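Visitor: I have a model open and want to learn how to read it. Can we go through it feature by feature?

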Amino acid sequence: MDLETLRFATFGQLDEAVADWSTMVTNLATLEKDARDGLKARADKADWSGDNADVTKGFVDKTVREFADAHKQAKSLWNILKDTRSELKACQGELNEALARGAAKNLRVTTTSGGGFMVTAGSLYVAPAMGPTAPVSGELQHDVNALRGELQKILDKATESDHTGSVALRALADQSDLGFTGAEYKDRDSAANAIKQADELAAIAKKNPEDLTAKEFDKLNAGLKKMSDDELFSARFAEQLKAQGTLDFWAELNTPRPTDLLRARGDQFDDLQKNLSLTLATASHSDSFGMTNWKREMVELGSQPLTKNSGTLGFQVMSNLMRWGNYDNSFLNDYGNELIKTEKERTDNGRHGAWRVGGPMDPVLNRTGSDSGTDPMTGFMKALSSSPDAATEFFSDTFVTKDEDHEFMEDADGNGKREMRELSNFDYLFGERDWPEDSTNKGEDSIAGRNNMALALEAATTGHPAGEMPTQETPAHNAEQAALTKSLIETISEKPDLLGNHSYMSDSIGQIAAEYMPDIFRSLNPNTKGQEDLFPIAGSAVSVGESDTTRFLYMLGRNPEGYAAVNVGQHSYTTHIMEHHFRNPDAFGADPNVPQQQSLKQTIGLTATVAGEIQGTIGAGRSYEAEAEGGAKDAEYNKAIEVTSTRVGSTVGIGIGIGTASMLGPGGVIVGGVAGTAADEIISGFTEGTMRDKSGDVIYSNGQAMDATKESAFKLIESAATKAGEQSGNPSPDIVASVAPAAELGFTHATANIRTSIDGEGKPGELEEKK
């Protein structure tokens with residue numbers, strides 16, 4: 001900024017802009033509150049189903065978030081404008097004061113061409129930094145130099161303020177092409193500092209890794225950790241590094257070679273991998289020109305070798321930098337499509353394994369120790385596990401069509417003639433892919449590939465990140481999620497070894513089953529009329545056959561985590577749905593010719609029968625494992641139940657909130673926290689380690705004897721009916737007395753289904769009950 005510009009600047013337009021943005025912030029704050037407390041509150045209470053639950057509620061939630069982001073962005077812009085204006089006005093005041101003091105000493109300041117200035121002392125002058133000057137007295141020379149220095153300092157300060165304000169405003173405005181960014185900055189300096197730090201850390205990452213010092217590594221690692229969720233910082237960092245530079249940095253840093261940095265900080269490379277991944281995930285949400293290019297180039301570079309002589313592809317590097325953070329859905333979709341295209345090319349449309357095992361001189365791309373990182377699908381699956389919408393779209397997309405050249409055949413119409421089959425990405429990855437063998441950093445077989453796939457499926461089917469529980473904000477299941485869940489259940493039913501040989505996936509798949517408990521109840525209930533009233537579902541329902549559900553649940557029962565998720569989920573849902581019907585006795589089967597209490601008794605009985613069938617099915621799976629292991633896994637099962645129930649007891653009930661309507665009332669079931677509900681007491685029994693019956697025996701402690709499992713199930717289902725009636729203010733000892741026989745009928749159904757559905761395997765014997 002030159003002297004004349006600052007000296008004679010008028011701030012009328014800037015003042016108006018600051019005032020306008022102040023008004024905008026106030027108005028948006030009001031709109032945000034109205035949207036949150038009005039529009040969203042009413043939507044949350046609405047008893048919606050079908051398209052309204054799938055589309056409208058999601059649209060409302062997104063609209064409310066946009067109002068919140070708009071308010072944040074407007075406030076940040078206002079803060080930057082306000083601070084910049086205040087600093088420039090202050091600089092103008094300092095400049096005029098300095099000029100006045102100089103004039104009092106007979107010093108004159110005039111401008112020169114090109115925006116410079118010179119200081120005149122009487123008839124002589126001194127130009128700043130312009131070589132020798134005419135001789136002046138020592139005191140006068142001191143005054144000239146002092147004024148010159150003060151003026152230059154003021155102009156430098158004004159220039160910096162104007163520049164950083166401009167850069168921050170442009171960067172913030174560029175973050176979102178459509179809608180608003182959620183970035184929030186309390187003042188201009190915090191936004192400018194984010195950009196400055198990004199430039200400094202990007203400069204470190206651009207260095208040759210062989211020249212990187214431990215001090216620089218520490219600065220980079222600590223900076224990324226601190227700033228990874230800052231939108232301006234993350235986007236600026238990635239833009240400066242560029243897509244190719246990002247790949248080169250991580251690959252070259254991890255190329256095996258003895259270096260001082262590796263010896264000094266090798267044990268912290270995993271932290272850097274995580275912090276870099278989180279930073280890039282945040283950056284991916286930016287729509288700035290630089291980040292738009294970064295994302296496009298990263299997708300293009302995925303299928304290309306890093307260098308002419310390199311055997312490492314871009315996908316192999318980038319997928320290892322996607323294991324943490326929530327990446328932008330559009331970027332994940334583009335990345336996933338190109339990854340699948342490359343997979344098809346390298347496997348001849350799925351005929352053989354895709355990726356080689358890394359050689360001794362290849363980069364160690366994954367520093368977590370779970371796997372080598374050479375299979376790019378492993379890291380990408382982990383990325384999808386944090387981005388539910390992208391995961392749903394990816395698994396639902398087509399891998400190969402019937403018209404492509406491949407070897408996937410089926411007899412679709414049962415005429416004995418096998419024909420080409422169409423596969424979705426789910427069909428291929430879960431059922432057909434030849435996942436490459438891999439090992440951990442301890443030399444053990446790695447399970448990371450399929451396990452990450454299970455996590456991604458958990459996100460894709462439930463609508464929330466894997467490892468989390470559904471909340472009131474989680475939307476009802478949509479048609480794509482329901483279709484994917486149907487495919488999962490039917491695939492495991494048809495090929496149980498897909499889960500049996502990789503049982504470590506059972507925790508995620510068990511969670512899926514728990515959150516689709518209303519759908520499972522429907523599939524096991526023989527009544528076809530009134531299902532939507534008996535077991536209400538807010539969103540799209542999954543329709544599967546009883547045999548498929550039986551085989552699916554049986555396989556989950558053979559794993560402690562899968563058994564625990566289904567067990568706790570069933571009891572939570574059973575208790576909630578019973579409480580719902582006790583509160584609304586006419587919700588199902590209302591008949592003017594039948595007394596209300598008799599109709600309610602039938603409703604609770606139908607619920608108990610299905611609950612008993614689920615318990616009998618997973619109990620048989622556990623009992624089969626108990627026979628095979630001699631009861632050695634009982635402790636694992638009990639620990640898994642306790643851990644699962646602790647998660648459920650601290651948040652929204654498992655199996656509710658997704659597959660049911662949004663409030664307690666006609667056609668609905670509780671969605672909010674389970675505290676204060678009948679289910680709260682049931683689940684707390686697990687959580688607090690009080691899983692005991694009246695005789696003091698621990699509930700579900702022994703999987704070896706089906707009689708023990710049956711007794712435990714009956715006690716809890718009966719207790720659920722008791723507590724549901726009490727909580728609703730409509731207790732009925734007569735109805736409670738009918739629950740255990742109804743649950744026993746469900747157990748009988750389970751036994752029959754297992755005998756006809758599991759090919760003779762898993763008919764558990766009666767072993768001596770553990771004392």
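Visitor: Is Asp260 buried or exposed?
Guide: Exposed means over 50% relative accessible area. Asp260 has 59% relative accessibility, so Asp260 counts as exposed. Keep in mind that this is a predicted model.

Visitor: Where does Asp260 sit, and which side chain does the side chain of Asp260 contact?
Guide: Asp260 belongs to helix α9, residues 260-265. Its side chain makes a polar contact with the side chain of Arg263, at 2.6 Å. Now look along the chain. Ala214 is 46 residues apart from Asp260, yet their C-alpha atoms are separated by 8.1 Å.

Visitor: What share of contacts in the chain join residues at least 24 apart?
Guide: Take the contacts between residues at least 6 apart in sequence; 75% of them join residues at least 24 apart. The protein chain has 771 residues, and 52% count as buried. Its elements are 29 helices and 7 strands.

Visitor: Now a serine. Is Ser319 buried or exposed?
Guide: The cut-off for buried is under 20% relative accessible area. Ser319 is at 1%, so Ser319 counts as buried. Ser319 lies in the loop between α12 (314-318) and α13 (329-347).

Visitor: What does Ser319 touch?
Guide: Leave out residues up to four places away in sequence, and Ser319 touches Tyr335, Pro376, Gly379 and Phe380. With Tyr335 there is a side-chain to side-chain polar contact at 2.9 Å.

Visitor: Which loop holds Ser540, and what does the side chain of Ser540 reach?
Guide: The loop between α22 (531-534) and α23 (546-557). Ser540 has a relative accessible area of 16%, so Ser540 is buried. Its side chain reaches a backbone atom, the nitrogen of Ala479, at 3.2 Å.

Visitor: On to helix packing. At what angle do α14 and α15 pack?
Guide: Read the angle and the axis distance together. Helix α14 (residues 376-384) and helix α15 (residues 388-396) pack at about 130°, with axes 8 Å apart. Therefore α14 is oblique to α15.

Visitor: Which residues make that contact?
Guide: From α14 come Phe380, Met381 and Leu384. From α15 come Pro388, Ala390, Ala391, Phe394 and Phe395. By class, that gives 8 nonpolar residues, no polar ones and no charged ones.

Visitor: How do I check the length of a helix, say α17?
Guide: Compare its reach with the span expected at 1.5 Å a residue. Helix α17 (residues 448-462) has 15 residues. From first C-alpha to last, α17 reaches 21 Å, close to the 21 Å expected.

Visitor: Why is α17 described as largely enclosed?
Guide: Count its buried residues. In α17, 14 of the 15 residues are buried, so the helix is largely enclosed by the rest of the structure.

Visitor: What follows α17?
Guide: Gly463, and its phi is positive, near 90°. Helix α7 can be read at its end too. Just after α7, Lys242 takes a positive phi of about 70°.

Visitor: What caps the N-terminal end of α7?
Guide: For a cap, look at the distance from a side-chain oxygen to a backbone nitrogen. Here the cap is Asp230, with a side-chain oxygen 3.1 Å from the backbone nitrogen of Leu232.

Visitor: And which residues of α7 are buried?
Guide: Helix α7 spans residues 231-241. Its buried residues are Leu232, Phe233, Ser234, Ala235, Phe237, Ala238 and Leu241.

Key:
Residues are numbered from 1 along each chain as its sequence is written. This is a predicted model: local features need pLDDT of at least 70, side-chain atom pairs count only at pLDDT 80 or more; totals for chains, interfaces and linings use all residues. Side-chain values use heavy atoms; hydrogens and water are left out. Axes are lines fitted to C-alpha atoms, for helices over the stretch in contact, and angles run from 0 to 180 degrees between N-to-C directions. Helices (H or I, at least four residues) and strands (E, at least two) are DSSP runs, numbered from the N terminus. Angles under 35 degrees count as roughly parallel, over 145 as roughly antiparallel, 65 to 115 as roughly perpendicular and the rest as oblique. Contact means heavy atoms within 4.5 Å. Ala, Val, Leu, Ile, Met, Phe, Trp, Tyr, Cys and Pro count as nonpolar, Asp, Glu, Lys and Arg as charged, and the others, Gly among them, as polar. The expected span of a helix is 1.5 Å times one less than its number of residues. Buried means under 20% relative accessible area, exposed over 50%, partly exposed in between (1.4 Å probe, protein chains only). A polar contact is a pair of N or O atoms within 3.5 Å; within protein, one must be able to donate a hydrogen and the other to accept it, and residues adjacent in sequence count only if both atoms are side-chain atoms.
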